[in-house]
Amino acid sequence: MGTEGSTTKSPASTSAAVSSSSASSSQQSRISFAVVMTAAAAAAARLLLSLWLWEFFLLGETSAQAATLPRRPNVVMVIFDDLRPVLGAYGDPLASTPYLDDFARGSHVFTRAYSQQSLCAPSRNSLLTGRRPDTLHLYDFYSYWRTFTGNFTTLPQYFKEHGYYTYSCGKVFHPGLSSNNTDDYPLSWSVPAFRPRTEQFMNSPVCPDKEGILRKNLICPVELQTQPYKTLPDIESVAEALRFVESRKTRKREPFFLAMGFHKPHINFRFPKQFLSRFPLSQFFNYTEDRLKPPNMPAVAWNPYTDVRARDDFKHSNISFPYGPIARHQAAQIRQSYYASVAYVDDLFGKLITGLDLENTVVVVLGDHGWSLGEHAEWAKYSNFEVALRVPLMIRSPQFPLSQTKFYHGITELLDVFPTLVDLAGLPALPACKEDPPELTCGEGKSLYFQLMGVGLADEHVALSQYPRPGMLPTKHPNSDKPKLRNIKIMGYSLRTDLYRYTLWVRFHAQNFSRDWHDVYGEELYDHRLDSGEEMNLVPLPEFDDVRQRLRRRLMEVVGSS
């Protein structure tokens, strides 16, 4: 494997286009330590060690200079939309992700990281505030947490308040009401967030069919010159991010926090058409053997992929509601286009990463949640299954340099990103949230800092995710994939442990955000030692009853303490 000093080639396929655009645990999941520390001692040790390491690795100061505090690192957070771990670095043999794979060779790679909800706005609100959806009371797109629940401090806001210049490019917060139609400016960002001008066309008819008629298609490989402004949103965002990084080179004593949010591989699958040629369609026909809904899956667990059905190239396919299935050829085309979309943003990521000073920059790369590619005969996200919740998470820090990939296989949550970046930057540690009284600045995740040091243990951690439903059965009205708060009647809580995924669907009262553990609408248990695809629900089998009861108690404890 490569070294941290290896160079990254400039991406060929989008380089010209980018250049032309440039001018325009909670409490239950604390880290175990090799030595016994009090919380105060641990925080002090973390800060002192952080300062010392930055002095050693970045400055090489003389003893006379060592008395001054070292310059803090720049921090870059890269978010991909709807990205499951279809990367070469994660062992996917079909992937074409050379630049993310090269980045992984000098990174700490977490193989079992999970989103808190498989929907864009709730997941990002959770990630960026460090709090669970149940704390924010946000499960849809239509509320702003500061006015709806509490004026909670965000990750970029914390950095801004501690001397960082903060900037957002692309899709970081979900646009619209969930971020106050401002991407949470001016609280989170030093200047207004950059939104690419072509973003307004993302759901417009811009996909030419064989007759040249523009459609709102799901599958949409394009020639750039046929698109509005002859470019695409992610190309614009990367160009702006590179412009920003270049502009900060004259302000070296003021570190920056840059969040770069890619829109892809989120649907529609619109990308430069040359990326499709990397993926022969034939290799996606046998991607999964699933053709029908598993027999023991509770109906409430199913997502009928309504957004896929609504696209012009699928809405006349007579896909039966709610279980389908999608035709075999169309299924292969969706998978091929998803992988091509990932290859497209990998190419842009390569362009971005060559513009960063990795010797002085902490970089974290992640997805906001996963996406089903036909597993369980389901598509899209909107579920509590592994494929909808598991995401890539890679951290590269000059404080902990690597010559090859270091893998971590413990259970990790996206909640952990906030406190981890705070520690890597040497800022005052983010306090753990307490139930009473509520605090505006705190986190419900755990810092991965000591794991990066090599002294933290992760054996006992669990991941908690959730998904709401308006009723027991999949429906179009209300939309059971994306129910609005007033329509939510059931909440599915899913616990991922080292061996199992356990999910319980219970009565939920949207008026006061309470739940009734005795009013159960569905229960699922999957053993990942034998069933990594979560195909066989073990709940009906009496020999797993003890495991089921134990996990149920654990789930209720974790939800109750969050």
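Buried here means under 20% relative accessible area, exposed means over 50%, and partly exposed is anything in between (1.4 Å probe, protein chains only). The model is a predicted one, with local features requiring pLDDT of at least 70 and side-chain atom pairs counted only at pLDDT 80 or more, while totals for chains, interfaces and linings use all residues. Residues are numbered from 1 along each chain as its sequence is written, and side-chain values rest on heavy atoms, with hydrogens and water left out.

K406 sits in strand β14 (residues 406–408); helices (H or I, at least four residues) and strands (E, at least two) are DSSP runs, numbered from the N terminus. Leaving aside neighbours within four places in sequence, K406 is in contact (heavy atoms within 4.5 Å) with S107, H108, V109 and G454. Q399, in the loop between β13 (390–396) and β14, is buried at 1% relative accessibility. The side chains of Q399 and Y449 are joined by a polar contact of 2.9 Å. Such a contact is a pair of N or O atoms within 3.5 Å; within protein, one must be able to donate a hydrogen and the other to accept it, and residues adjacent in sequence count only if both atoms are side-chain atoms.

Next come the disulfides (a pair of cysteine sulfur atoms within 2.5 Å). A search of the whole structure turns up two. One joins C207 to C220, with an S to S distance of 2.2 Å. The torsion about this S-S bond is about -105 degrees, so the disulfide is left-handed. It links distant parts of the chain, C207 being in strand β5 (residues 207–208) and C220 in strand β7, 13 residues apart. Both cysteines are buried. The other disulfide is formed by C433 and C442, whose sulfur atoms are 2.0 Å apart. This link is right-handed, with 90 degrees about the S-S bond, and C433 and C442 are both buried.

C207 also turns up around N217, which touches C207, N268, R311, D312 and D313, not counting residues up to four places away in sequence. N217 lies in the loop between β6 (214–215) and β7 (219–222) and is buried, at 10% relative accessibility. Its side chain reaches the backbone nitrogen of D313 at 3.4 Å.

As for the interior, nonpolar side chains tend to be buried together in soluble globular proteins. A nonpolar core is taken as a set of buried Ala, Val, Leu, Ile, Met, Phe, Trp, Tyr and Cys residues joined through side-chain atoms within 4.5 Å. The largest such core has 79 residues, and those with the most contacts inside it are I334, F349 and W371. Helix α10 (residues 328–354) gives the most to this core, 14 residues. A second, separate core of 42 residues includes F110, V362, L424 and F450.

Helix α8 (residues 233–247) is largely enclosed by the rest of the structure, because twelve of its 15 residues are buried. Strand β17 (residues 463–469) is mostly covered too, with seven of its seven residues buried. A463, S465, Y467 and R469 point one way from β17, and L464, Q466 and P468 the other.
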